[in-house]
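We will go stop by stop.

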Amino acid sequence: MREISRRQAIIGLGAFASLALTACSSESEAPAKGAATPANTAGSMANYAVGQQFKAAEPLTFDMLYNNHPFYPYKADWLFWEELKKRTNVTIKPVTVPLSDYEKKRSLIIGAGDAPLIIPKTYHPQEEAFVASGAILPVSDYFDLMPNFQDKVAKWQLQPELNSIMQADGRIYLLPGLHEAAWADYSFAVRTDILDKLGLEVPKTLDDFYNMLKKMKEEYPDKYPMTDRWGVPTPGGNIIKLIAQAHGTKGGWEYQHATFDQAQGKFVYTGTMPGYKQTIEYLNKLVQEKLLDPEGFTQQDDAAKEKFVSGKSFVISTNAQTLINDYRGALTENIPDAKIVKIPVPIGPIGEYKFASRLENGIMISKKALGHKNFVAMMQFIDWLWYSDEGQLFAKWGVEGVTYTKDSSGKIKLAKDVDYVGLNPKGSKHLQKDFGFGNGVFAYGGPTSLLQSTFSDEEIEFQNVMNARKPWPVEPPAPLTEEEREQVSLWETPLKDHVTQNTLKFILGQRDLSEWDAYVKEVEGKGATQYINVVNGAYERFKKEHGS
């Protein structure tokens, strides 16, 4: 989710609980709050609270959909599982699905009615596809069972962000990861040894970025200065996203049909915005001048990495982990004098803004869970593991004295024989691969101090630059009713397909940019105008009903 229009008034936590119960007042509905009944409290803690270790009153097992990451594939003997059972009396039974096929398999499993109780690694608005069928629970009805979640929402004033994922019935169907502060991770890795050779500084703006690539091309005319990765399944997933952000819109991974235009005070269709056209024009220029490898928008990651680490290109998309895990070691093996850095995201026409959300991917709960005798215990368990300070520390770092230690100031340090994100490269064991900690299914969100405990000095420097920028405002809520969602779903796929295909055609020069006006008419003919009318109607309705 991307943040678009910040609301100044923050609804208090108590007000939100009331809102979750009464937001659908026009239909005179008041969904039951909480679920603590004798039928579903087995194994739960009677006095579970913030700062308290959750431990089920009896051994429990919960099945969970598990996103199996190829960098640290699932192992049944990880210390994570053993220690989690020891601390909580809970065993997780994972239903493993490859990362590459996770979204598709998740939809099939839920649609078939075979979903596990816990369904993590879901990014808003992916949960909306399962709301109308009743396949997932409105988790906001059960926030009262989650004291750590509630505490962080109140303490970090996260209500505007939660409102942005609220549905038309006033409920939330996804338990998002919560960050104390917004942070940006994805950017571009650049060969700084090449910059030094050419007498160039790290680029600060998109113009600088273009000029850097141009100088590289002049020095190495037979090479593409930049290739890219993460083009499967979303073409240009990261590069289009970042260039679009610099023009005040959404693209690539972040593409959504509607973007809130702050100047107009309403939503507009993303794929026809002036900023979207400018994004395409910029990328088209890079391709036409042979500064950017055209294969980079759709090639497999392994092909992209090979080009970069072999010296065939000098710039590629990255985040903090891939910089260390995928590039640095392999590059210096091939080119000992090579040096790389993750540069701050280049600034575009809109100025110095940071695009980052304080919400992360989150958890859906299967409708089957409500009838489970251990439902309350399960919600307490989820609250402890994903939202308590102790659970977040455990999920990220593991067991003190085994995988990490603390110095006298409380600073965390990896055990001597353990490596993680290159912090201890001589370690013979790996925190993720060998122990199961630092796992993206469990370890995300939390206090900034915990987030930055895994950062190298260079990553801290990157974050300092990004944090000096103004945050782009939070997008206002425009929750659709079930009927509206069914209506817009008829437009969404053909619109998304047409925008995606033509975005790539324009960028690669397969369609001339002189045809932009014709493309806009094509998009409007596929329902873009009607789509935006529905979204703006929902936005106005929400403002009227909730006084915002």
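Predicted model: local features only at pLDDT ≥ 70, side-chain atom pairs only at ≥ 80, totals over all residues.

**Stop 1**

Lys305 and Asp302 form a salt bridge. Their closest N and O atoms are 3.5 Å apart. Side chains of opposite charge can pair when their charged atoms come close. Now color Asp302 by accessibility. Asp302 counts as exposed, because its relative accessibility is 58% and the cut-off for exposed is over 50%.

**Stop 2: a pair across the chain**

Next, select Glu459 and Lys342. They form a salt bridge, with the closest N and O atoms 3.0 Å apart. This pair links distant parts of the chain: Glu459 is in helix α16 (residues 457-467), Lys342 is in strand β9 (residues 340-343), and 117 residues separate them. Is Glu459 buried or exposed? Glu459 counts as buried, at 5% relative accessibility. Lys342 is buried too, with a relative accessible area of 4%.

**Stop 3: from a loop to a helix**

Select Arg511 and Glu522. Their salt bridge brings the closest N and O atoms to 2.8 Å. Arg511 is in the loop between α17 (482-508) and α18 (516-525), while Glu522 is in helix α18, 11 residues apart from Arg511. Arg511 counts as buried at 11% relative accessibility. Glu522, at 27%, counts as partly exposed.

For a network, select Asp141, Asp169 and Arg171. Salt bridges link these three residues. How many salt bridges does a search of the whole structure find? The search finds 25.

**Stop 4: a buried charge without a partner**

Now select Asp228. You will find it in the loop between α7 (206-219) and α8 (237-246). Asp228 is buried, yet it has no salt bridge. Which side chain of opposite charge is nearest to Asp228? It is Arg229, 6.9 Å away. Asp228 has no salt bridge with Arg229 because that distance is 6.9 Å and a salt bridge needs the atoms within 4 Å.

Show the side chain of Ser317 as well. A polar contact of 2.7 Å joins the side chains of Ser317 and Asp228.

The peptide bond joining Val232 and Pro233 is cis, with omega about 5 degrees.

**Stop 5: helix α2 and its surroundings**

Select residues 79-88, helix α2. Its buried residues are Leu79, Phe80, Trp81, Glu83, Leu84 and Thr88. What do they pack against? Show β1 (60-68), β2 (90-98), α12 (375-387), α13 (389-397) and α14 (431-435).

Zoom in on Phe80, in helix α2. Phe80 counts as buried, at 0% relative accessibility. Beyond its neighbours within four places in sequence, Phe80 is in contact with Phe394, Ala395, Phe435, Gly436, Phe437 and Phe442. The C-alpha atoms of Phe80 and Gly398 are separated by 7.0 Å, although the two are 318 residues apart along the chain.

Step to Asn89, which follows α2. Its phi is positive, near 65 degrees.

**Stop 6: backbone angles**

Select Lys121 in strand β3. Lys121 is not a glycine, yet its phi is positive, about 55 degrees. Lys121 is buried, with a relative accessible area of 18%.

Move on to Pro125, in the loop between β3 (118-122) and α4. The peptide bond from His124 to Pro125 is cis, with omega near 10 degrees.

Continue to helix α4, residues 147-155. Here Pro147, Asn148, Phe149, Lys152 and Val153 are buried. Just after α4 comes Gln157, with a positive phi of about 50 degrees.

Then jump to Val421, in the loop between β14 (418-419) and β15 (429-430). Its phi is also positive, near 45 degrees. Val421 is buried, with a relative accessible area of 10%.

**Last stop: a cavity**

A search of the whole structure finds three cavities of 30 Å³ or more. Go to the second largest cavity, which holds about 40 Å³ of space. Which residues line it? Select Gln167, Ala168, Pro479, Ala538, Arg541, Phe542, Glu545 and His546.

Methods:
Residues numbered from 1 in each chain as written. Heavy atoms only, no water. Helix = DSSP H or I, 4+ residues; strand = E, 2+ residues; numbered from the N terminus. Buried < 20%, exposed > 50% of the residue type's maximum accessible area, 1.4 Å probe, protein only. Lys, Arg positive; Asp, Glu negative; His and termini not counted. Polar contact = N/O pair within 3.5 Å; in protein donor to acceptor, adjacent residues only side chain to side chain. 1 Å grid on protein atoms, 1.4 Å probe; cavity = no way out; pocket = protein on both sides within 12 Å on 5 of 7 lines; lining within 4 Å. Points joined across faces, edges and corners; volume = space filled by probe spheres on them. Contact = heavy atoms within 4.5 Å.
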